[in-house]
Amino acid sequence: MTITQPEFDAGHDVPSLGDEPSRSPRWLKRAGFGLVNVWLCYHLFAIVIAPASVAPSSRVEQRGWEFAAPYLQLMYLNHGFHFFSPEPGGSTLVSYVLEFDDGSTKTGRFPNRQIWPRLMYHRHFMLSEFLGGQSPERQQVLVRSYARNLLRENKAKRVTVSRVTHYLASMERIRAGGSLNDPDSFEEEPLGTFTWDAL
């Protein structure tokens, strides 16, 4: 018995077994691969330049920061590296005195350890630290915002807001019996008194 090959119409292409479905052009893949690599290089550069540009830093590092700052701020990668090293400065707290219609007052400070949950404590910590690193003009905008919130949340008629700087104790001071919370390690600077009318 003889097996013959099937006949095909000469006017039609015959698909071979090795043919595969059409794929996207190679240039598209190469362009995508190139873009991903460029982004990765820029991302790594931004991650390195963020802590490197913290003062004291060179002019080159500061220029690098200007180039990477929009990306770092958009992606929320602009963390306070100077909080840890090389020479951490004092921390910033916000102190306030609330006055009510009946003549009573209430004092407070944030952040404080009574704020719970921990995520809310961290949020207050970031608000106070953000205030500490601003120019006087921007500081006033932030202080008014904090005052507005304090008045609204506590239903008070007046609030006095102060910035408190808590300086780190030196090693010598601690060895001599000092504490991290010695009263003279805090410095208070009044930022203003606010009422609903003034806001």
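Q: Which residues in α1 meet which residues in α2?

A: To read such a packing, one lists the residues on each side. In this structure, which is a predicted model, W39, Y42, H43, F45, A46, I49, A50 and A52 of α1 meet E61, G64, W65, F67, A68, Y71 and L72 of α2.

Q: At what angle do the axes of helix α1 and helix α2 cross?

A: The axes of α1 (residues 26-52) and α2 (residues 59-74) come within 9 Å of each other and cross at roughly 120°. Angles from 65 to 115 degrees count as roughly perpendicular and those over 145 as roughly antiparallel, and α1 and α2 are therefore described as oblique to each other. The crossing in which α1 passes α2 is left-handed.

Q: How many helices and how many strands are in the protein, taken as a whole?

A: The protein has five helices and four strands, and, read from the N terminus, these elements follow the order α-α-β-β-α-α-β-α-β. Of the contacts with a separation of 6 or more, 58% are between residues 24 or more positions apart.

Q: How many bridges join β3 to strand β4, and in which sense do they run?

A: Strand β3 and strand β4 (residues 186-195) run antiparallel and are joined by nine bridges, with H166 standing opposite F186 of β4. Strand β1 (residues 91-99) also pairs with β3 in the antiparallel sense, over nine bridges, and here L93 has V164 of β3 as its bridge partner. As background, in a regular strand the side chains alternate between the two faces of the sheet.

Q: Why is strand β3 described as largely enclosed by the rest of the structure?

A: A residue counts as buried when its relative accessible area is under 20%. Because seven of the nine residues of β3 (residues 158-166) are buried, the strand is largely enclosed by the rest of the structure. For the protein as a whole, 23% of the 199 residues count as buried, and the accessible surface comes to about 15,300 Å², 58% of it belonging to carbon and sulfur atoms.

Q: Does T92 count as buried or exposed?

A: T92, which lies in strand β1, has a relative accessibility of 6% and therefore counts as buried. Leaving aside residues up to four places away in sequence, T92 touches P111, S128, E129, G132, R163 and V164.

Q: How many residues apart in sequence are T92 and L131, and how far apart in space?

A: T92 and L131 are separated by 39 residues in sequence, while their C-alpha atoms are 7.7 Å apart in space.

Conventions. Residues are numbered from 1 along each chain as its sequence is written. This is a predicted model: local features need pLDDT of at least 70, side-chain atom pairs count only at pLDDT 80 or more; totals for chains, interfaces and linings use all residues. Side-chain values use heavy atoms; hydrogens and water are left out. Helices (H or I, at least four residues) and strands (E, at least two) are DSSP runs, numbered from the N terminus. Buried means under 20% relative accessible area, exposed over 50%, partly exposed in between (1.4 Å probe, protein chains only). Contact means heavy atoms within 4.5 Å. Accessible areas come from the Shrake-Rupley method with a 1.4 Å probe; for residues, only the protein chains shown count as cover. Two strands pair if DSSP finds at least two bridges between them. Axes are lines fitted to C-alpha atoms, for helices over the stretch in contact, and angles run from 0 to 180 degrees between N-to-C directions. Angles under 35 degrees count as roughly parallel, over 145 as roughly antiparallel, 65 to 115 as roughly perpendicular and the rest as oblique. A crossing is left-handed if the near helix is turned anticlockwise from the far one by less than a right angle, and right-handed if clockwise.
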